[in-house]
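Reader: Could you walk me through this structure, one question at a time?

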Amino acid sequence: MSYDEMLSAAKKAVSLAARLSNEVRKSLLVTDVWNKSDDSPVTVADYGSQAVVSLVLERELQNEPVSLVAEEDSGELRKIAAETVLARITELVKDTLASDESYAIASPLTSDDVLNAIDRGKSEGGPKGRHWILDPIGGTRGFIRGEQYAIGLALLVEGKVVLGVMACPKLPLASTAGNALKSLPEKVGCLFYGSVGNGTYVQSLSVDSLPAKVEVSSIDDPAKASFFESYHTPVPIHNTIATKLGIKESPIKINSQTKYAALSRGDGEVYLRFTRKARPESIWNHAAGSIIVSGKPI
């Protein structure tokens, strides 16, 4: 199967996952949110998104083995022992797939089907073969607050990222340069995608539109540059680095991999990601973003 065919499947999977997340966000319930054992928040949208992407890849890539490395697994979901939560996730996944004409007559899904789809994300990946890398809801805290979040899916081939797709349901279609993160509802929601040697494109998530090619900023004078950072607790070293580089602009604060998307279209020049305490990084937090920004295998 060609990369073009795989990219098409990835775009479909991520677009449907974004549709599910939007439905959850419209009427987020108290029971839709809880903390995992590591105290990080998770929602029904995280699990629903992962199940949708898993199921769509399986259906679209029928002749290809699908190895999926993803953030969630059903272990945390089973721990809360809430049948009503699982039932809600199952209905969300069923309704989302049914909203696509090509899946409207597919066999009905059970809760076990959804749990199995989620657990297909437990592949160990590795430097050999093909592996899909998924961040089902990047920036869960932002999602809960109704702010920026992203759904990122990338394909890793022989240890290199070769294509990526990212949905940013809350990102304005127009440039966010100058901190312009608010826009009319009909002008919000971006789908970014790119592959090695073909550049990066963006189109609307909500309406049919032609894709537009995007490029990183051409600014190379630090005094005219701006940098992205997360909304979390301020990290002093960011300001130290910015000062040493001569950056005068205040940081642009955005949750999730959406920073990569904004960077890819020139909304800013630098992305700083340091933490106050040492912690391991997860591949799903960067895989899709890296190829969207660079257009080169990482």
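Reader: Which residues does T258 touch, leaving out those up to four places away in sequence?

Author: Happy to start there. This is a predicted model, in which local features need pLDDT of at least 70, side-chain atom pairs count only at pLDDT 80 or more, and totals for chains, interfaces and linings use all residues. Residues are numbered from 1 along each chain as its sequence is written, and side-chain values use heavy atoms, with hydrogens and water left out. With contact meaning heavy atoms within 4.5 Å, T258 touches Q148, Y149, A150, M166, C168 and L171.

Reader: Is T258 buried or exposed?

Author: T258 lies in helix α8, residues 258–264; helices (H or I, at least four residues) and strands (E, at least two) are DSSP runs, numbered from the N terminus. Buried means under 20% relative accessible area, exposed over 50%, and partly exposed in between, with a 1.4 Å probe and protein chains only. The relative accessible area of T258 is 0%, so this residue is buried.

Reader: How far is the sulfur of C168 from the nearest cysteine sulfur, and in which residue is that one?

Author: A disulfide is a covalent bond between the sulfur atoms of two cysteines. Here the term is applied to a pair of cysteine sulfur atoms within 2.5 Å, and a search of the whole structure finds zero of them. C168 is buried, at 0% relative accessible area, and C190 is buried at 0% too. Their sulfurs are too far apart for a bond: the nearest one to C168 is that of C190, 6.4 Å away.

Reader: Which residues of α4 are buried, and where on the helix do they sit?

Author: In α4, the buried residues are V85, L86, I89, T90, L92, V93, T96 and L97. They cover an arc of only 160° around the axis (taken from the directions from the helix axis to the C-beta atoms), so they are on the same side of α4.

Reader: What covers those buried residues of α4?

Author: E83 and T84, on the other side of α4, are exposed. The cover over the buried residues includes α1 (3–26), β1 (33–35), α2 (44–60), α3 (74–79) and α5 (111–119).

Reader: Which residues have the most contacts inside the largest nonpolar core?

Author: A nonpolar core is a set of buried Ala, Val, Leu, Ile, Met, Phe, Trp, Tyr and Cys residues joined through side-chain atoms within 4.5 Å. The largest has 53 residues, and its largest share, 11 residues, comes from α1. Those with the most contacts inside it are L77, V93, L97, W132 and L153.
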